Structure formats: C-alpha cells, structure tokens
Amino acid sequence: MSELNTISTTSTSVAPSAASFADRLGQLRWPVITTAVVILVACAAPFQLVPFHTFQLAMAMIYAVTLLGLNLLVGHTGQISLGHGAFFAVGAYTAAVAMERWDTPYFATIPIAAAVTFALGFALGIPALRLRGLYLALVTLAIAIFLVPLLKRFDGLTGGSMGLTVTKPVPPAWTGLAEDQWLYFLALVTTVLSFVLVAGMLRSRVGRALHAVRDNEIAAEVLGVNLAHYKTLAFAWSALLAGVAGCVYTWVIAFVSPDSFALTLSVTLLAGLVVGGLGTTWGPVLGGLFVMFVPSFAQDVNQAAPGVIFGLLIIAVMYLAPTGLAGLAGRLAQRLGHLVRKGKTHAH
C-alpha cells in the first residue's frame with residue numbers, strides 16, 4: 001500500500017512539472033517561430049525590392065542596432081540619454097577616418113569603432129553615476145550639442161563642414177550579389193548578431209542586475225548589486241552598439257558630415273525607441289522602421305512642415321499605444337490567443 005502511495009505521489013509531482021515544462025515550451029515556441037519568419041523574410045527582401053527600398057531597409061536595421069543600445073540603457077537600466085546620436089556619429093567618423101585616412105579594410109573598422117565608443121561610453125558613465133533624471137539628460141544633451149562644432153573644427157581629420165567620402169565595400173565575386181544587396185546583408189548580419197548578444201546579456205546575471213538597478217536602486221544595492229559597475233557598463237555597452245551601427249552607416253552611405261548628426265538625430269532616436277516600446281525585444285526593430293520611414297512619409301504629406309506631421313504621428317501612436325508598438329502587438333497577440341483557446345474550448 002505504501003508503495004502505491006509513493007508511486008501516486010511521484011506521478012502527481014511529475015505531472016505538474018511536465019505540464020509546466022510544456023507551458024514554457026509553448027511560450028517559447030511562438031517567439032522562436034516569429035523570429036525565424038522575420039529573418040527569412042529579411043533574407044528574401046533584397047531579391048524582391050528595388051535598390052532604393054533595399055537601402056531603406058538597411059538603414060532601418062542600422063537604426064534598430066542604435067536603438068538596441070539605447071534600449072539597454074533607458075529601457076533595461078532606467079538611465080536616460082538625449083545624446084545617443086553622438087555615439088552614433090563617433091562610430092561613423094571613426095570608420096570613415098580609418099578607411100579614408102589610414103586605408104583600413106572596412107571589416108577592421110567595426111572593432112575599432114566599437115572600442116572607441118565603448119571607451120567613450122565608459123568615460124561618460126563615470127560622471128553620470130552622480131546624476132539621474134533631468135540632470136543626466138542635460139549632460140547627454142550637451143554632448144550632442146557640442147559634437148557638431150567639434151567635428152567641423154578639426155577639418156584636417158574629419159573633413160570639416162565638407163565631411164568625408166569613402167569607398168563603399170565591394171561584394172566578393174563569389175556571392176553574386178549587387179552592391180546594394182551586399183551592404184544590406186552586412187547590415188542584417190550586424191543586426192542579428194547584436195540582438196543575439198544583447199539577448200544573451202539580458203538573460204545572464206548582468207541583465208538581472210540591470211533590471212534591479214532600473215526597478216529600485218536602493219533595494220539593488222542592499223542585495224549586493226554594484227551600482228557604479230553596472231551603470232557604467234550599461235553606458236559603455238550602449239555606446240558600443242551605437243558605434244557599431246555608425247560604422248555600418250558609413251559603409252552604406254559612404255559619406256559622413258557633421259550636419260548628418262545634428263541634435264535632432266538624438267531626439268528622433270529617443271522618440272523612435274519610445275514609440276517602438278521601451279524595454280521590449282521588438283521595440284528597437286519597430287523604432288528603427290519608425291525612424292527611417294515616418295520622417296520621409298511626413299515629408300511627402302507636407303513638404304512645408306514635415307516636423308508638424310512627424311510630431312502629430314508620435315502623439316497619435318502614444319495615444320493609441322502608450323506602451324509602444326511592441327506593447328500593442330503583444331496585447332493583440334494575447335487577445336488573439338485568448339480567442340483561439342476560447343474557440344477550442346467551445347468546440348469540445
């Protein structure tokens with residue numbers, strides 16, 4: 001009798017665990033399927049689109065990588081930056097100077113740009129330890145403001161107001177790809193690797209520490225989280241991703257100038273992240289599409305006042321989706337899943 005009780009107890013304990021495992025597997029299945037479908041569509045896109053649209057999608061992915069870094073800082077750590085366009089510009093200029101002035105192979109410019117922007121972000125993260133909220137926003141805003149005059153001043157290195165023109169990467173003959181397709185796939189590979197890197201980081205101890213800092217700094221410090229270490233780390237990694245995106249931007253555009261990195265770029269990036277969805281996986285992707293396509297759409301609607309149209313669109317999105325487009329998509333998916341489950345229940 002006791003053996004039967006033991007067996008029944010064991011079976012009842014195994015059943016919930018198996019059920020919970022099945023639930024977790026089901027929850028994981030749809031994100032994996034969605035990601036795989038998006039990547040397959042992205043791989044097929046340059047063979048179906050005209051070169052200009054291929055270029056636009058490549059730029060959207062570049063902005064998505066930039067917003068991925070900004071999301072790591074703002075959405076996952078709770079810091080704020082109004083000067084992220086400056087890190088993007090530093091990465092772009094680092095690649096341009098290395099390619100034009102020092103004849104560096106374009107593939108080698110990515111680690112150089114990453115190292116320079118990582119060091120710059122780490123250096124900025126140290127004084128930012130004593131600041132938060134609006135004070136931190138003002139410091140990062142100041143960096144974006146003085147960067148443009150600084151780039152114009154050192155014309156011997158940066159080309160001044162005229163900027164620098166570089167040679168676009170040439171696709172290897174064995175690929176059989178056109179130039180725009182090759183640049184597109186360079187941007188796609190960079191985007192996928194960046195998202196995989198950040199996803200792994202957020203699932204590790206580092207990600208848990210960053211979330212603890214975001215949710216409650218005092219509680220995080222009591223639990224043993226080194227606030228100084230993780231805040232500077234967030235700034236450094238965020239800047240690194242923006243620098244990598246800036247490097248790929250130089251490959252795709254083949255030209256950099258100070259006016260391309262004005263203050264409006266930093267503001268637009270932050271707006272794009274909020275519209276896409278703070279602290280979400282797909283927020284940077286949707287934000288990158290928003291940053292790339294909405295301004296051009298606003299320009300087509302009203303050439304006299306594109307900024308007004310752009311601002312009204314942001315207000316409309318925030319009114320309809322306060323948690324961003326990714327949050328709206330998540331709620332719609334949950335609603336659809338609920339209706340499907342309800343239909344299956346009634347069918348039985």
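Biologist: Among contacts in the chain between residues at least 6 apart in sequence, what percentage join residues at least 24 apart?

Modeller: First, bear in mind that this is a predicted model. The chain has 14 helices and two strands. Take the contacts between residues at least 6 apart in sequence; the part of them that joins residues at least 24 apart is 77%.

Biologist: And how much of the chain counts as buried?

Modeller: The chain exposes about 18500 Å², with carbon and sulfur atoms supplying 70% of that. To be buried, a residue needs under 20% relative accessible area. Of the 348 residues, the share that counts as buried is 43%.

Biologist: Which residues have the most contacts inside the largest nonpolar core?

Modeller: In soluble globular proteins, nonpolar side chains tend to be buried together. Here the largest nonpolar core has 80 residues, and its largest share, 16 residues, comes from H10. There's also a second, separate core of nine residues, with Ala 271 and Ile 309 among them. Back in the largest core, the residues with the most contacts inside it are Ile 62 and Phe 261.

Biologist: Let's stay with Phe 261. Which residues is Phe 261 in contact with, leaving aside its neighbours within four places in sequence?

Modeller: Phe 261 is buried, as is Tyr 249. With those sequence neighbours set aside, Phe 261 is in contact with Phe 88, Ala 89, Ala 92, Tyr 93, Val 148, Tyr 249 and Val 256.

Biologist: Some of those are aromatic. How are the planes of the Tyr 249 and Phe 261 rings set, and what kind of pair is that?

Modeller: The structure holds twelve aromatic pairs. In this one the ring centres of Tyr 249 and Phe 261 are 5.7 Å apart and the planes are at 65°. Planes over 60 degrees apart count as edge-to-face, so with its 65° the pair of Tyr 249 and Phe 261 is edge-to-face.

Biologist: What parts of the chain does that pair tie together, and which cluster do the rings belong to?

Modeller: Tyr 249 lies in helix H10 and Phe 261 in the loop between E2 and H11, so the pair ties together parts that are twelve residues apart in sequence. Ring pairs link both of them into a cluster, and its members are Tyr 63, Phe 88, Tyr 93, Tyr 249 and Phe 261.

Biologist: What about Glu 217 and Lys 231: buried or exposed?

Modeller: These two form a salt bridge, with their closest N and O atoms 3.0 Å apart. Glu 217 lies in helix H9 and Lys 231 in helix H10, so the pair ties together parts 14 residues apart in sequence. The cut-off for buried is under 20%. Glu 217 has 17% relative accessibility and Lys 231 has 5%, so Glu 217 counts as buried and Lys 231 too counts as buried.

Biologist: Which residues form the nonpolar patch on the surface?

Modeller: One member, Leu 150, sits in helix H5 and is partly exposed, with a relative accessible area of 37%. Together the members have about 540 Å² of accessible area. They are Trp 102, Phe 146, Leu 150, Phe 154 and Leu 157.

Biologist: One last thing, on the backbone. What is the phi of Ala 254?

Modeller: Most residues other than glycine have a negative phi. Ala 254 is in the loop between H10 and E2, and it is buried, with a relative accessible area of 7%. Its phi is positive, near 65°.

Note on methods: Residues are numbered from 1 along each chain as its sequence is written. Side-chain values use heavy atoms; hydrogens and water are left out. Patches are made of residues with over 30% relative accessible area and no salt bridge: like charges are joined within 9 Å, nonpolar side chains (Val, Leu, Ile, Met, Phe, Trp, Tyr) within 5 Å. Accessible areas come from the Shrake-Rupley method with a 1.4 Å probe; for residues, only the protein chains shown count as cover. A salt bridge is a side-chain nitrogen of Lys or Arg within 4 Å of a carboxyl oxygen of Asp or Glu. Helices (H or I, at least four residues) and strands (E, at least two) are DSSP runs, numbered from the N terminus. Buried means under 20% relative accessible area, exposed over 50%, partly exposed in between (1.4 Å probe, protein chains only). Rings of Phe, Tyr and Trp (its six-membered ring) pair if their centres lie within 6.5 Å; planes under 30 degrees apart count as stacked, over 60 as edge-to-face and the rest as tilted. Contact means heavy atoms within 4.5 Å. A nonpolar core is a set of buried Ala, Val, Leu, Ile, Met, Phe, Trp, Tyr and Cys residues joined through side-chain atoms within 4.5 Å.
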